[in-house]
Amino acid sequence: MKTNKALLSTFVVILVSGILTFGISGDNKEKLLRQGTPLYFPAAVDFAGESTPLQINDVKERLDRELLINANLDATTVLIIKRANRVFPIIEPILRQYNVPDDFKYLAVIESGLTNASSPSGAKGVWQFMPDTARERGMEVNELVDERYHLEKSTESACKYLLAAKEKFGSWTMAAASYNGGMSGLAKKIEEQKVSNYYDLGLTEETSRYVFRILALKEIMKQPALYGFSIYPTELYPSIPTKNVEIDSTINDLTGFAMSQGINYKILKIHNPWLRDKKLLNPSKKKYEIKIPLAGY
C-alpha cells in the first residue's frame with residue numbers, strides 16, 4: 001500500500017512539473033531548461049552598471065562565446081572561484097576606497113586567474129603590470145623587490161589607472177577596455193572610427209574579446225550553479241589571518257628572519273611574493289611591511 005502511494009506521489013509530481021513547464025512561454029522555458037548547464041545564457045548583463053546591448057547580434061554572440069568557453073573550462077574556472085574566496089576580500093575594500101566599481105575585480109580574474117602570473121611580454125602579478133608602467137604608477141621594481149606581486153599595492157595602482165581612464169573616456173566599460181588596448185590605442189580607434197562606445201568599435205581580436213571575458217567570468221562567478229558548477233563553501237580557499245611586521249633595515253638572510261617569526265622560508269615567500277631574493281637590502285631605510293601568517297602552516 002505504501003509503495004503504491006509513493007508511486008502515485010511521484011506520478012503527480014512529474015505530471016505537475018510537466019504541466020508547469022508546458023505552461024511557460026517558449027523563451028522562458030528554454031532558459032529554465034538550460035539552467036544548471038554550460039549552455040545557460042542570461043537575459044541581461046551589465047558592467048559597472050553600464051548595460052550591455054545584447055539586442056545587437058554580434059554583441060550577443062561575443063558574450064555567448066566567452067560564456068561557453070569559460071563554463072566548459074571546468075578545472076580552470078573552479079580553481080578561480082576557489083581562489084576568489086581568498087583574494088576578493090583583499091581587492092574589494094581597495095576598490096571601494098578609490099570609488100572604483102566592484103566589477104573591476106573580475107578584470108583581475110581575466111588578467112591572471114588571481115595568481116601571480118608572468119606573461120611572455122614581461123607583465124607580472126595579479127594585475128599584470130609591465131615593469132615601466134609599474135614604476136610610473138609608484139611601484140618598486142628591481143631584482144630584490146617587485147611590488148607588482150604585492151596585491152594591495154598593485155590593486156591601488158590599478159585603481160589609479162582606471163580612474164584616469166574613466167576620466168579620459170567617460171565610461172567604465174571603455175576604461176576596462178583600455179586596460180588591455182591602452183589609452184592611446186583606444187583613443188586612436190575612436191578618432192579613426194568616429195564612435196566612442198566600446199560595443200560600436202572595431203578593435204583588435206584581444207581587445208574586442210576583453211570586456212566580454214570580464215562579463216562572462218562575472219556572470220559565472222556570481223551564480224556558478226546556473227552554469228553547472230557545484231562548489232561547496234567548505235571547498236573554497238580560506239582567508240589566512242596575518243600580522244604585519246614593519247622593517248626599515250636590511251635583512252641579509254630571509255630564511256633566518258622567517259625562522260625568527262616562527263615560520264619557514266617557503267611560508268614567508270608565499271605570503272610576501274614581492275620579496276624576490278633571499279635577502280632584502282635596504283640602505284635607504286625604506287619602511288616595508290612583511291606579512292606573517294597566524295595560521296595555515
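1. The crossing of α7 and α9 is right-handed (the near helix is turned clockwise from the far one by less than a right angle). On the α7 side the contact (heavy atoms within 4.5 Å) is made by Tyr161, Ala164, Ala165, Lys168 and Phe169, and on the α9 side by Met183, Leu186, Ala187 and Ile190.

2. This is a predicted model, in which local features need pLDDT of at least 70, side-chain atom pairs count only at pLDDT 80 or more, and totals for chains, interfaces and linings use all residues. Residues are numbered from 1 along each chain as its sequence is written, and side-chain values use heavy atoms, with hydrogens and water left out.

3. Helices α7 (residues 151-169) and α9 (residues 183-193) pack at about 15°, with axes 11 Å apart. They are therefore roughly parallel (angles under 35 degrees). Helices here are DSSP runs of H or I, at least four residues, numbered from the N terminus.

4. Helix α3 covers residues 57-71. Its buried residues (under 20% relative accessible area, 1.4 Å probe, protein chains only) are Val59, Leu63, Glu66, Leu67, Asn70 and Ala71. They lie on the same side of α3 because they cover an arc of only 120° around the axis, taken from the directions from the helix axis to the C-beta atoms. They pack against α4 (74-97) and α10 (205-222). The face turned away carries Asn57 and Glu61, which are exposed (over 50%).

5. Leu114 has a positive phi of about 65° without being a glycine. Leu114 sits in the loop between α5 (105-112) and α6 (131-136) and is buried, at 5% relative accessible area.

6. Lys194, also not a glycine, has a positive phi of about 65°. Lys194 is in the loop between α9 and α10 and is exposed, at 67% relative accessible area.

Technical notes. Helices (H or I, at least four residues) and strands (E, at least two) are DSSP runs, numbered from the N terminus. The expected span of a helix is 1.5 Å times one less than its number of residues. Axes are lines fitted to C-alpha atoms, for helices over the stretch in contact, and angles run from 0 to 180 degrees between N-to-C directions. Angles under 35 degrees count as roughly parallel, over 145 as roughly antiparallel, 65 to 115 as roughly perpendicular and the rest as oblique.
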